Every structure is written in C-alpha cells, then in structure tokens.
Amino acid sequence: MDRRSLAPLLAVLYGSGFLAGFNENLVNMALVSVMGEFSVDAVTAQWLVTGYMIAVTVVVTCMAYLYRRFTPRSLFLAAAALSLAGSLLGLLAPSFAALMAGRLVQAVGTGIFIPLMMNVIVDAVPRESMGSYLAVGSAVITLGPATAPVATGFIVSYLGWRSVFAVPLAGAALLLAAGALVVRVGGDRGGVRMDAPSVALAAAGLTALTYGLSELALSPVPALLSLAGAAVLLGLFARRQGRCAHPLVSLAPLRSPAFWPAAVLVVLAMMSSFSLSVMVPLYLEDGAGMAASAVGGLLLVPVAANALSAMWGGRVMDRRGEWPLLPAGFAVTAAGFAAVAAMAMAGSVALVVVGVFIAYAGSGLLLSPSQTAGLRTLDDDQTPHGVALMSMAVQLAACMGPAAYVGIMTAVEGAVGAADAAGAWALGADAASVGFAASMAVACTLAAGGLALAWRYARRMRRERAEG
C-alpha cells in the first residue's frame, strides 16, 4: 500500500483506537448519577463497566475469526455503526436495562476497533517499521482512557450524565463517514466458520474470571469458586481450540519461544498501566483529599509522558530491537513504583506524583515493543491469531490488574484501620496511604519480575538475530 493511501487509513484507525480507549472509562464519572436516577446500588451500576469489559474481551477473542471471515472495510463500518447505535441507546435509555443494553452494543462495536487497527498495521506496513506504527496506536489508546474521566467529569457536572454518550455518538458518526471514504482495504475472505461452543466457553470463562477478581476482597468464598469455575471453563476453551477444525483463535503462537514471553510481557506492562490509572486517582481523591477534576488535570502530564515515551520506544524498537529497550522500560517502571510506595508511606503527595510520572514514562516503553517483538516473528497465516492473543492479553490485564490491586489496598487498609483503632499501629502513615503503598509495592514486584523475563528474552532475541 502506498503512503498516500496509507496515511488517511491509519488516521481513521488511530481515531477508532482513541474512541475505543475513551469508551472504556466513559461512564466511570457518571455511576453515582446513574444510581440515583434508576435507583440501583453500586454493585449493579458497576456492571456498566464490568459488562462492557467482558463484552469487549469476548469480541477480541473472536477477532481472529472475524478478520479472516470479513474484509477490514466491512468490519470497520459495522463497528462504527454498532458504536453509534450503542451510544444513542445510552443517551436515550429509559431504564437501567436499556442503558446496560446500550453499553453492551457499544462494547461490541468498539471491541473490534483496536484488534482491527493492529491487524491492518501488521498487514500494511513494512515489518521493520511495525514498532513505530504500533507505538502511535499504543499512544492514542493510552490517551483515550486517560482523557475520558477529565472530559466526562465536567460533562456530568454541567450537562448531566446522559451527555457523556454524546461524545462517542459524535465520534462514531465521524468515523463512520470517514471510514466509508478511506477504509478501502479488501481481499479474499471466507472459508472459515464460527465455532459457537468456543464462543460460549470464552464468554462464560471470562465472566467468571472478572466476577471472581472483582469480588475477591469482599466475598472470598464465592469469588474463589468463581475463579475455579473460570479456570475450568478457560481450560476447556483452550483444549477445544487445539481439537476443533475451525478454532476461534489458534493457540499455536503460544508454543513459540519467540512469542509467548512477549505476550506475558504485554500482560505485565498493561497491569502496570492499569494499576496507575485506577489506583492513583483513588489515592489522590480518598487519601489526599483532592477534587476529581484536579486529579484528572494533574494526571494528564504523566499520561502525556507515557504517550511520548511510547512513540519514542517504538522508533527505538525498529532501529535496535528488544535489547536494551524492554529491560530498561521495566527497570524504570519498577523504580517509579518503588518511589510511589515509599513516598506514600512518607506522606509526600508531591513526590508520589513524581514517582507516578516515572512509572508512567517507563510503562510507555513496554506495550508496543512487546507486541512488536512477538508479532513480527509470526507467519502471515498466524498473524490474525497473534493479534487476537495480544489483544486478549491486554484485556486480561484490564481484568486482573485493577481487581487485584484494589483488593490488596482494601485488605491492607482495613487491617491498618483495625490496628490503629486498637492502638497497635505505631507508624505515622494513615490507613489509606499504607494500603495504597502496599498495592504499589506489589506492582513494583511484578515489574521486577517483568525485568527479569525481559532481560532473558531480549538478550536471546538479539543473539538469535545476530546468528540468523
């Protein structure tokens, strides 16, 4: 594809990636208002977020099939139309059930955007430039969920909660019109079938996993049963993919020693990003007493650093490869988390923000280089499956990261609060700060584990490239 036709195509695809990221955090600032209007509790309202996440993950799981069955143009236009319809239903919803339905339709549409963007990039750009193009995609995906709470916070305050759906409604309409003009990518499609039992197993397993993780701190026994059920269901899903004639997503790339470590690094990298995007606002609002609008504005600087470092990291990946970029990214991220944990215990909010800046900058060096490292080792026929697996890794991190870190913070905060009430807590830090510091210490440990894996993987890939 020539550069003149590639540029507008990528511009539209990057715009769809931003919208997909924006929609992820679209209703977070509106949940309290939704609870009041429809008289639902927080657990029920939270399913506007959790249900969206599950639906997106199921769609991502199906993308290897969808990309082989339908043309990119058909997928893009369908995704934009579904996103528009879901946003319109959310804007006009007369009941909570209708609002939930709109959110799920929206998820089906926007769940196509990110893997479609990645597939088209992998197919259309030279492999030696893949890192740079994926890095731009990583940057816009990061900016989407980061700007959503800031924008929707003001919208909810001044225009009401329904108005938050006007943003993706306008965005989807614009993408639909632009996509009809510039997304012309075709190609032969067909010859594959949807395996319905695989879809059912994936949906049930992911729902059980998400529920179990979200309830682990509040209801341990039901949560553990749910996680056990998720393990069984996802195990059956994996077994079926190896045995059925038309697997939903081939797990063959995970048998490659050049691919599976990169997928693990993607999970660890995204758990770092998601921990920052969820935990830091909680700490700054609840622990430090800052207003939500002030927190959103303050975090725009670290998020911008993340986006800029992602674009720089993509260029470095294309020029020099995995070494020393991936180990350096995890080292910087781990150092940032360590600083955040230490400064939270010391009670210095300003230095916590400095640590957050460092951690965000480090994590920006990780996502697109890790994806590029794994994807460029695959044959063309395995690429759609590899993209689906990488996208699933991102969604699994979105499920596991916030649930695990919030659970750790809640448990430690409760224990410290109880000890403080009993007069057994001697340190000066308050319970909220200690709980936040504990969760960041765990995040630091995971980043250190990522550093060890990235060190071995990057050195091996450099050696193999030199020998081959």
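In the predicted model, 84% of the contacts between residues at least 6 apart in sequence join residues at least 24 apart. The secondary structure comprises 16 helices and zero strands. Of the 468 residues in the protein, 52% are buried.

The overall dimensions were examined next. The radius of gyration is 22 Å, which agrees with the value near 23 Å that a compact globule of 468 residues would have. Along the principal axes, the C-alpha atoms fill a box of roughly 70 × 60 × 45 Å. The accessible surface of the protein amounts to about 18700 Å², and carbon and sulfur atoms account for 67% of this area.

Two features of the backbone were found in loops between helices. In the loop between helix H2 (31–38) and helix H3 (42–69) lies Ser 39. Although Ser 39 is not a glycine, this residue has a positive phi of about 55°. Ser 39 counts as exposed because its relative accessibility is 68%, and exposed residues are those over 50%.

The peptide bond that joins Trp 323 and Pro 324 is cis, with omega at about 0°.

How values were computed: Residues are numbered from 1 along each chain as its sequence is written. This is a predicted model: local features need pLDDT of at least 70, side-chain atom pairs count only at pLDDT 80 or more; totals for chains, interfaces and linings use all residues. Side-chain values use heavy atoms; hydrogens and water are left out. Helices (H or I, at least four residues) and strands (E, at least two) are DSSP runs, numbered from the N terminus. Buried means under 20% relative accessible area, exposed over 50%, partly exposed in between (1.4 Å probe, protein chains only). The radius of gyration is taken over C-alpha atoms; the globule rule is 2.2 Å times the number of residues to the power 0.38. Contact means heavy atoms within 4.5 Å. Accessible areas come from the Shrake-Rupley method with a 1.4 Å probe; for residues, only the protein chains shown count as cover.
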